[in-house]
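Here are some notes from my pass through this one, meant to be read with the structure open.

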Amino acid sequence: MLETTLDQGSDLSSKLSFDDFRKIIVEDYRVAVESRYVSLLGRKEVLTGKAKFGIFGDGKELAQIAVSKVFQKGDWRSGYYRDQTLAFASGMTTIYQFFSQLYAHPDVEKDPSSAGRQMNCHFSVRVIDEDGNWLDQTQQKNTFSDISTTGGQMARILGLGLASKLYRENPNLSYLKYFSNGGNEVVFCSIGNASTSEGVFFEVVNAVGVKQIPVVISIWDDGYGISVPNEVQTTKGDISEILKGFQKENGSNGFEIFKVKGWDYPGLCQTYERAAKYARENHTPCIVHVIELTQPQGHSSSGSHERYKSKERLDWELEHDCIVKMQKWLIDSDIATAEQIKTIEEEAKDFVRKEQRRAWSDYNKALAVDASQAIALLSQIDDEAVELPLKQLQSLTEPSLKEVYSTVRKVIRELKGKAIDGKSDLLTWYKQQQQVNEKRYNSKLFTTGHQGPDHVEVVEPVYSDDAKIIDGREILNICFEENFLRDERLIAFGEDVGKIGDVNQGFAGLQEKFGEHRVFDTGIRENSIIGKGIGLAIRGLKPIAEIQYLDYLLYGITVASDDLASLSYRTFGGQKAPVIIRTRGHRLEGIWHSGSPMSMILGTLRGLHICVPRNMTQAAGMYNTLFRSDEPALVIECLNGYRLKERLPHNIGDFTVPIGYAECIRTGHDITIVSYGSTLRVVEEAAMELDRLGISVEIIDAQTLQPFDRAHLSAESLKKTNKLLVVDEDVPGGASAFIMQQILEEQNGYYLLDSQPRTLSAQAHRPPYGSDGDYFTKPSSDDIVEVVFEMMNEGNPDQYPALF
């Protein structure tokens, strides 16, 4: 481990004149002071009620300025929500934009990071345009959209950095010039010292060391995790001490590890210059442990650090504040005088206040448009029910949109049943504004650009007269091979994917054909696998990140949910990561491989397409669609379908299955059964027996759960049958309840029923091991037959007498 502490007189100006050197250092000090005033003023804005919550980067200014000096165009940041100084110094955001985000300004021009959707200090740069087309990442400094989950920024650095490695080592990717300049990009990651206690930190550090990925990981160490000191967080109370085993030595893989004080400006600059050089030129990963940092205002605007820090600690923080230390160094080194420093501070304070006021004014001007329109329309209505709400709205000097629209909605309710002048205009305006507010607050769950799945041409599978009948796994294998031949961007990885071609042989032999750069194994680390896919995808590649079994998705759900699923929404469509998470589940026996936690997936992964193909041919068609589009997806293959025989389509690499559309796979007239995945085969088996019992079943395969049945095929079926059964092997009230809600509410299926709709799901517990356990836990064909017969009995007991 390399400890860097330079003497105060250290010469950083060997290549510059002293005047040029002085200008650079003084400007760095100015940026640091401006950032500090942003933190101080930002907290005041929260405490006065202008903003909801604030979190700031005070105390970390000098270290982040040092990072900004080596942060080049094309590089990536995957950071911690205290990186405001780095964002200012590198030009990735401005002070005006910072305050616009603090006030939650719902205008992407004012807050390009999130259009008011994220709390402050959560930065991003836009990497796609309004149509979803990629911008040139090599011509800007890039930052992946921040998330609040501590440590969550770690997983994606694997893919962000691996992309540089692949662009450098695979000449077939050289045409993707918008994403890389020969693989020379470095990923700068930052994390708080307390968050290094999280499993994802160690998981990712291990994986980065294995792959030798060009990243520089900065650990901002101010001694605490909110109120919990390092001694409680970390063995030995020092994270770099316990990371020593990762130190690169004697030709091994591993890291270069640095330790430097956060108030030592020269030492910080030298450290980051060395670390960035190692990463950029040699693809050697580096860890920079920045110690003796302070947090002058405590963790956030929600509390005070005086509650848990001793007087001695607080006194130490005042003395070791990085800006105080830099002031002393500037004066002692004759770089600036005390008077010059005072002038810089006064100018910085004035500038920050000016930008804050400008952001607040623009925010209120935007809201005032809605307020003035509402007041004008309400003033035209002559009714006592309007008088008080109107006066209350007029009395507000800075009304929020909540106050404006809550007032309008209350008035509309009060005017119900009344024919009165002005009411129609108010209703028309309100309906128009619903669309405006939907765009402000509810849009962009997906990027919805020109490359989305909806724009992929639907191509039906073509079968020759002598089509081969082969295992389902072979269908997938041929599909993957043809797509890998077609598109050099495709990459597949996961546990056992490389050498043996995954546990069910979907990639068998493909590593030999396409090389270890495109099909490769990973360790057992689900968070990292998904994070790797996210990072690769935003850098222009087309990754397939395999989670070996659906049950193991739990171990990567935080990354998939907090980072991937919300990415388009939280950036207002400014970023996308079209990774495909491939896994397998359903119907396998045993508690740990039962594979149907669909309600968990539906609840946590809104923002991904959830594909649940019934067989491998349908899965291949979905992959063909997803490979040609640009939105993330989870594909769950049927675990018990790999060795079932299927006909091989002649156009196996080209036919497509549209995402979000159900399919009727059996027509009938007595009852509609909606299901998906492996359970569909159980429904088909039951339908044959029900035929013998005189009951005609229509079967709808959902195919995708998110989106669900866009063409309303389920409701169309109900027009004919008037009875609905949803069959699913998730827990009771899980995915079957979601499907029911979609059909009854979204498709108005309720009005088409002549009997109570039913769901048939698995038991509340996980299935025990063995075929008997599966039979008594998940829906069987016997269960389906009996439930359907009972439903028919309710309407016609004479024709369908009770079975029990």
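1. The second largest cavity holds about 50 Å³ of space. Keep in mind that this is a predicted model. Around that space sit Val-67, Arg-77, Asp-83 and Leu-86, along with Phe-188, Cys-189, Ser-190, Ser-218 and Trp-220.

2. Which strands supply at least two residues each to the lining of this second largest cavity? They are S4 (187-192) and S5 (215-220). S4 gives the largest share, with three residues. Sorted by class, the lining has five nonpolar residues, two polar and two charged.

3. How many cavities of 30 Å³ or more turn up in a search of the whole structure? Four do. The largest cavity takes up about 70 Å³. Its lining runs through Leu-445, Phe-446 and Thr-447, then Leu-564, Leu-567 and Ser-568. Gln-575, Lys-576, Ala-577, Gly-607, Glu-631 and Pro-632 line the largest cavity too.

4. Now for an open space: the second largest pocket, at about 410 Å³. It has 17 lining residues, and those closest to its centre are Leu-445, Phe-446, Gln-706, Pro-707 and Arg-710.

5. Moving to helix packing, have a look at H10 (residues 311-320) and H11 (residues 322-332). These two helices pack at an angle of about 40 degrees, and their axes are 5 Å apart. That angle makes H10 oblique to H11, because angles under 35 degrees are the ones that count as roughly parallel and 65 to 115 as roughly perpendicular.

6. Where do H10 and H11 meet? From H10 come Leu-318, Glu-319 and His-320, and from H11 come Cys-322, Val-324 and Lys-325. By class, this contact has three nonpolar residues, one polar and two charged. Glu-319 in H10 and Lys-325 in H11 are among the residues that meet here.

Note on methods:
Residues are numbered from 1 along each chain as its sequence is written. This is a predicted model: local features need pLDDT of at least 70, side-chain atom pairs count only at pLDDT 80 or more; totals for chains, interfaces and linings use all residues. Side-chain values use heavy atoms; hydrogens and water are left out. Axes are lines fitted to C-alpha atoms, for helices over the stretch in contact, and angles run from 0 to 180 degrees between N-to-C directions. Helices (H or I, at least four residues) and strands (E, at least two) are DSSP runs, numbered from the N terminus. Angles under 35 degrees count as roughly parallel, over 145 as roughly antiparallel, 65 to 115 as roughly perpendicular and the rest as oblique. Contact means heavy atoms within 4.5 Å. Ala, Val, Leu, Ile, Met, Phe, Trp, Tyr, Cys and Pro count as nonpolar, Asp, Glu, Lys and Arg as charged, and the others, Gly among them, as polar. On a 1 Å grid over the protein atoms alone, a cavity is a set of points where a 1.4 Å probe fits but cannot get out, and a pocket is an open set with protein on both sides within 12 Å along at least five of seven lines; lining residues have an atom within 4 Å of a point. Grid points are joined across faces, edges and corners, and a volume is the space filled by probe spheres set on the points.
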